[in-house]
Amino acid sequence: MSKTPFEIEDLHKFIEHKAKSKTIIGKKQLSEKFENAISYLNNVYNKWFPKKTNFSDIHIAEQIFIKSVKSDYLKHWVKYQLLALIKSAQRAFFNVEYYMGSNPRTKYSKKFGCITEIIFEIMQFLDHASFYVEGQHAGYGWRIRRVLNSAEIFEGSKMLFERRIHEWHLGNFVITPTAIFLIRQSIEIRLKNAFGIHTILSKDGKILKVPGIIFLQFAKENISDVEFPIKFSVIEKVYNWTQHYIHGGFIPHLWEIEWAFHVLKPLFEPYIEDKDGKLIRYDRYGSVKIKQLFYNQAEEKIKKLLEPKFGADIIIRRVNDPEALLVK
């Protein structure tokens with residue numbers, strides 16, 4: 001078994017020790033250890049992929065949120081995953097530094113949980129990545145289960161409901177990936193509400209179970225009349241990626257979940273700059289723009305889309321204010 005890289009082991013042990021002892025974490029010391037770990041990962045990336053190329057966050061997202069990885073693409077997949085985990089870890093650590101900055105004498109808290117889990121997953125990822133790039137496993141011996149059991153999902157749901165996510169016991173293992181359920185639902189509801197749909201009923205007034213993917217299909221088929229703040233293909237890929245967890249019970253890498261939040265943020269929390277370049281928030285619904293004429297026709301178009309499954313006599317109730325900005 002290979003020895004764990006010092007930079008990663010040092011950071012992991014430092015945070016783990018502080019967590020168990022509940023002692024104050026020094027911001028400077030933690031920052032130095034984190035930067036050493038990131039430097040090590042950057043060196044690994046430069047060794048495996050010496051050709052310097054700058055990729056946008058959107059491009060990286062398009063490469064990591066894919067249904068399956070073919071054998072001849074594995075090395076490229078490693079490249080984008082490694083970039084993703086480095087950037088994700090840096091964003092997570094930025095949140096830790098911000099938290100520590102506002103609370104100088106902060107003891108260990110769940111603010112550090114994301115970093116701790118990412119560090120652990122890094123070693124497992126590098127082990128497999130070494131095989132895809134160099135032809136042999138690194139053999140670090142760090143392992144994490146990637147398949148859930150039903151009891152964990154149930155316990156995780158209870159913990160969220162009872163606001164017990166700060167506790168350390170069985171359900172904590174599934175709390176983070178449980179967020180994927182809400183990522184999928186947020187996309188479905190965002191699109192449904194953007195098109196001004198409240199409920200869809202049968203002719204006798206019963207609520208129809210319309211699959212959320214219908215609204216993605218509707219948006220894709222009418223993309224010339226709808227403007228999103230990010231590429232629609234990314235929204236679609238993230239949505240399809242959630243199915244691996246929801247229907248298969250396969251746990252993704254932690255940085256993939258963080259990356260989903262990162263790239264989808266403009267869809268839910270848009271920002272603009274004022275004249276001085278300062279970021280200011282405005283109505284989040286304005287991040288989706290729909291042509292007024294198309295919006296007026298949306299009800300009939302959706303009825304036509306649903307007709308093969310539910311028949312022609314469905315009833316669509318509209319919302320008073322859609323989660324979108326209507327434009328000419």
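**Figure 1. The cavity in the predicted model.** A search of the whole structure finds 1 cavity of 30 Å³ or more. The structure shown here and in the other views is a predicted model. The volume of the largest cavity is about 60 Å³. Its lining is made up of I8, L11, F34, A37, I38, L41, A89, I115, I118, I119 and I122. Three helices, α1 (6-21), α2 (27-48) and α5 (113-134), each supply at least two residues of this lining. Sorted by class, the lining of the largest cavity has 11 nonpolar residues, with no polar and no charged residues.

**Figure 2. Helix α3 against helix α10.** Two packed helices are described by the angle between their axes and the distance between the axes. Here the pair is helix α3 (residues 57-64) and helix α10 (residues 254-268), whose axes come within 11 Å and cross at roughly 135 degrees. The two helices, α3 and α10, are therefore oblique to each other. The crossing of α3 and α10 is left-handed. On the α3 side, the contact is made by D57, I60, A61 and I64, and on the α10 side by E256, W259, H262 and V263. By class, the contact of α3 with α10 has 5 nonpolar, 1 polar and 2 charged residues.

**Figure 3. Helix α8 against helix α9.** The axes of helix α8 (residues 213-221) and helix α9 (residues 232-248) come within 11 Å, and the crossing angle is roughly 160 degrees. Angles over 145 degrees count as roughly antiparallel, and α8 and α9 are therefore roughly antiparallel to each other. The crossing in which α8 passes α9 is left-handed. Helix α8 makes the contact through I213, L216, A219 and K220, while α9 makes it through F232, E236 and Y239. By class, the contact of α8 with α9 has 5 nonpolar and 2 charged residues, and no polar residues.

**Figure 4. Helix α8 against helix α11.** This view shows α8 with helix α11 (residues 292-310); they pack at an angle of about 125 degrees, and their axes are 11 Å apart. Helices α8 and α11 are therefore oblique to each other. The crossing in which α8 passes α11 is right-handed. From α8, the residues I214, Q217, F218 and E221 meet F294, A298, K301, I302, L305 and L306 from α11. By class, the contact of α8 with α11 has 7 nonpolar, 1 polar and 2 charged residues.

**Figure 5. The surroundings of F250.** Residue F250 lies in the loop between α9 and α10. In sequence, F250 and R146 are 104 residues apart, but in space they are 5.7 Å apart, from C-alpha to C-alpha. Leaving aside its neighbours within four places in sequence, F250 is in contact with R146, V147, H244 and Y245.

Note on methods: Residues numbered from 1 in each chain as written. Predicted model: local features only at pLDDT ≥ 70, side-chain atom pairs only at ≥ 80, totals over all residues. Heavy atoms only, no water. 1 Å grid on protein atoms, 1.4 Å probe; cavity = no way out; pocket = protein on both sides within 12 Å on 5 of 7 lines; lining within 4 Å. Points joined across faces, edges and corners; volume = space filled by probe spheres on them. Helix = DSSP H or I, 4+ residues; strand = E, 2+ residues; numbered from the N terminus. Nonpolar A, V, L, I, M, F, W, Y, C, P; charged D, E, K, R; others polar. Axes fitted to C-alpha atoms, helices over the stretch in contact; angles between N-to-C directions. Parallel < 35°, antiparallel > 145°, perpendicular 65-115°, else oblique. Left-handed = near helix turned anticlockwise from the far one by under 90°. Contact = heavy atoms within 4.5 Å.
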